[in-house]
Amino acid sequence: MPTFYLTTPIYYVNARPHLGHAYTTIAADTTVRYRRLAGDDTRFLTGTDEHGDNIARAAAAAGVSPQAYADEISATFREMWRSLGISNDDFIRTSEPRHKKIVQEILQKLWDAGEIYLGTYGGHYCFGCERFYTEKEIVDGKCPDHLRPLEWIEEQNYFFKMSKYQDWLIGYIRDHPDLIKPERYRNEILGFLRDPLQDLSISRPRARLEWGIPLPFDDKYVTYVWFDALINYVSALGDLDSERTRRYWPHVRHMIGKDIVKPHAIYWPCMLKAAGLDVFRELRVTGYWTIEGQKMSKSLGNVVEPPTYTTKYGNDAFRYFLLREMVFGLDADFSDSAFRTRFNADLANDLGNLVSRATTLIVNLAGGKVPDAAAVGGSGLKEAFERAVAEMDRAMADYAFHRALAAIWEFVGAANRYVDTTQPWALAKQPERRAELEPVLYTLAESVRLLGVILSPFLPEAAARIREGMGQHGEPRLADATWGRLAAGTPVAKIGGLFPRIEEKKAAVTAPVTPAAGSAAVAIADFRKTELRVAEVVAAEAVAKSKKLLKLTVSLGDEQRTIVAGIAEHYAPADLVGKKVVVVANLEPAKLMGVESKGMLLAGSAGTSLAVLTVDRDLPAGAKVS
Ligand SMILES: [Zn+2]
């Protein structure tokens, strides 16, 4: 069984969790969920980085201890990941005793081995970055990140003999072409390594900074925050010789943002080599999100926090957008309109519609049980599914989430086209063609079941709803994603409202009303006799024993009415509630399947598509249509 251990960066507790943190954590979560689905022995770590000048100063400004300050912000990260459904196995905090113990153990080991020495260091220091800058990196005497003047600091400090690992590191990166990806970060690091590598100052005098892990061999110093933080990836597994460390450490992979490539690609492998630990297998670097084309920043007031989207549209919709929109490793733009467009097109129309149509057809035409039939040969869906799975697997090995999703959506599109061309509702009406119906319904049921498996890393909540509706129990496994395994007789329930469409105020598409056969000219005066009104759907339910009819309760402002409409094959009841529709209000009441209908709902149709007429600006229920 392959072993897969993945870490996110540990997030610095100087800011609340935002879109950038959420993306890296969701990308890592998706990766681990995929490996778990494939049957790997997985471990998934996230956590918070809590030491250093920045936190000490922010805590002092807030009038609380650094520990209390870190406790509060660390808790917001833990809570955010819980609410987003992140499946981490552990959450490490660098202020925990278990972490401190391993940091001190590694420091002592390096001290005993002569890898650390006491020296004097003078340099240009940025208090924001908590690091010294070399002459080459300084821009106009300022920190290139903070654009603030640097301060010259000279002090006695302990140094890690990093320079002696330069040649080894260059060779290691060259011998392992997949170690750092995307390629340009690998090239950037190799370029940086053309200049002599300096030894790394790994201590800070306690006189200047108390908030850190004391050096085990000189308690007048605390550990430099990077030297402390990087060790979290191994300290979280327990003692260095523990069973868990031996099981997972040789398989560790790190996912990080592009701002922290250097410590991970240079300091960290040298530290590991010196401590006699394996170097990580992969370092994968994500891009940045811009917001409507601008850099995300507190000062611009455009910081996106996940709940803005997840509380309204659900965790899965937010995950989907981030994974689908960003080419892993490159920058991407987040905008409200792009979010809505993807939501409506991919989730509501393509996926939600397929699942709702297919399960509604099986419930209505096959009594809610998977028919006893083999899948249709020659439908092309088996092949489309197998192509999607193969491409998904290749893409996930490359962390190319957008490609994996595009491949799955090719299959969703093929399944939707299959419903349109086979027209199961029409087959059901022709007694001589009933024999064709069951294999078609089986093929659709199998398509939906398989989506419940392969979507689970990407859309865990929707995939669980699909599996439940398709009568599937237990944890999904990629091994079950084999075409034709669905058992006859498996109960199927309607799965509606997976991703209810976001109603656009402007972009409502008006479907043409189907003209009456042989339509003749109608005098305006005659047309005016028809009273058309805007009505709001307040409730909707299926009509018992009918495959086609929905019973709607609509409000015309001053009165409520029941209207029966033949749209059950096109809309799930939940999808209609809250919609403003157009009705004929002055028809004589009629009884349909025993339910009295007072009025008629207008809908356009073309081929097998049907769309209920809505109004494209908000109007009160009861408004006249003319
Ligand atoms: Zn700085």
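Visitor: What share of the 626 residues of the protein chain counts as buried?
Guide: Of the 626 residues, 53% count as buried, where buried means under 20% relative accessible area, exposed over 50% and partly exposed in between, with a 1.4 Å probe and protein chains only. This is a predicted model, in which local features need pLDDT of at least 70 and side-chain atom pairs count only at pLDDT 80 or more, while totals for chains, interfaces and linings use all residues. Residues are numbered from 1 along each chain as its sequence is written, and side-chain values use heavy atoms, with hydrogens and water left out.

Visitor: How many aromatic pairs does a search of the whole structure find, and what makes Y158 and F217 edge-to-face?
Guide: The search finds 36 aromatic pairs, and in that of Y158 and F217 the centres are 5.2 Å apart with 75° between the planes. Rings of Phe, Tyr and Trp (its six-membered ring) pair if their centres lie within 6.5 Å, and planes under 30 degrees apart count as stacked, over 60 as edge-to-face and the rest as tilted; the pair of Y158 and F217 is therefore edge-to-face.

Visitor: Where in the chain do Y158 and F217 lie, and why is each of them called buried?
Guide: Y158 is in strand β6 (residues 151-160) and F217 in the loop between β10 (214-215) and β11 (218-223), 59 residues apart, so that the pair links distant parts of the chain. Helices (H or I, at least four residues) and strands (E, at least two) are DSSP runs, numbered from the N terminus. Y158 has a relative accessible area of 5% and is therefore buried, and F217, at 19%, is buried as well.

Visitor: Why is the pair of Y309 and F318 called stacked?
Guide: Their ring centres are 6.4 Å apart and their planes are at 20°, so the pair is stacked. Y309 is buried with a relative accessible area of 8%, and F318 counts as buried at 1%. Ring pairs also link Y309 and F318 into a cluster whose members include W289, F321 and F339.

Visitor: How do you know that α12 and α13 are roughly perpendicular?
Guide: Helix α12 (residues 315-325) and helix α13 (residues 336-366) pack at about 100°, with their axes 10 Å apart; axes are lines fitted to C-alpha atoms, for helices over the stretch in contact, and angles run from 0 to 180 degrees between N-to-C directions. Angles under 35 degrees count as roughly parallel, over 145 as roughly antiparallel, 65 to 115 as roughly perpendicular and the rest as oblique, and α12 and α13 are therefore roughly perpendicular to each other.

Visitor: What makes α12 and α18 oblique to each other?
Guide: The axes of α12 and helix α18 (residues 460-469) come within 7 Å and cross at roughly 120°, and the two helices are therefore oblique to each other. In this contact (heavy atoms within 4.5 Å), N315, D316 and R319 in α12 meet P460, E461 and A462 in α18.

Visitor: Why does R253 count as buried, and which residues are in contact with R253?
Guide: R253, found in strand β12 (residues 252-257), has 12% relative accessibility and therefore counts as buried. Leaving aside neighbours within four places in sequence, R253 is in contact with residues including T3, Y5, R281 and Y399. R253 and R281 are 28 residues apart in sequence and 5.4 Å apart in space, C-alpha to C-alpha.
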